[in-house]
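Hi,

Here's the structure I promised to pass on. Have a look at it first, then read my notes below.

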Amino acid sequence: MVAIVASSLFAALDKDGDGKVSASELRGCMAAALNEEEAAAILVAVDADGDGLLDCDEFLRLAHDAKLNSQAKAT
């Protein structure tokens with residue numbers, strides 16, 4: 001179930017349907033929370049293959065790390 005939700009969320013972020021999320025697509029969905037530099041910094045931090053884009057696996061890793069950080073702050 002989690003994988004289905006995550007895949008659906010990734011697909012919603014991937015506006016051009018190329019299977020990757022660019023900094024501009026990431027910022028487009030989080031414009032209120034991220035500026036251009038912050039979105040680019042997130043991509044650099046989690047872009048394992050160095051193509052400048054988030055693929056679904058990289059996105060899932062980002063979401064997992066965010067969940068762990070949130071849980072750590074709550075304790």
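**What I found**

Buried residues make up 23% of the 75 residues in the protein, where buried means under 20% relative accessible area with a 1.4 Å probe, counting protein chains only. Keep in mind that this is a predicted model: local features need pLDDT of at least 70, side-chain atom pairs count only at pLDDT 80 or more, and totals for chains, interfaces and linings use all residues. Residues are numbered from 1 along each chain as its sequence is written, and side-chain values use heavy atoms, with hydrogens and water left out.

The protein has 4 helices and 0 strands (DSSP runs numbered from the N terminus: H or I of at least four residues for helices, E of at least two for strands).

Now for the inside. The largest nonpolar core has 10 residues, including Phe10, Leu43 and Phe59; such a core is a set of buried Ala, Val, Leu, Ile, Met, Phe, Trp, Tyr and Cys residues joined through side-chain atoms within 4.5 Å. Helix 3 gives the most to this core, with 3 residues.

There's also 1 aromatic pair (Phe, Tyr or Trp rings, six-membered for Trp, with centres within 6.5 Å; planes under 30 degrees apart are stacked, over 60 edge-to-face, the rest tilted). Phe10 and Phe59 form this tilted pair, at 5.7 Å centre to centre and 55 degrees between the planes. Phe10 sits in helix 1 (residues 2–13) and Phe59 in helix 4 (residues 56–74), 49 residues apart. Both Phe10 and Phe59 are buried.

Cheers

Conventions
Buried means under 20% relative accessible area, exposed over 50%, partly exposed in between (1.4 Å probe, protein chains only).
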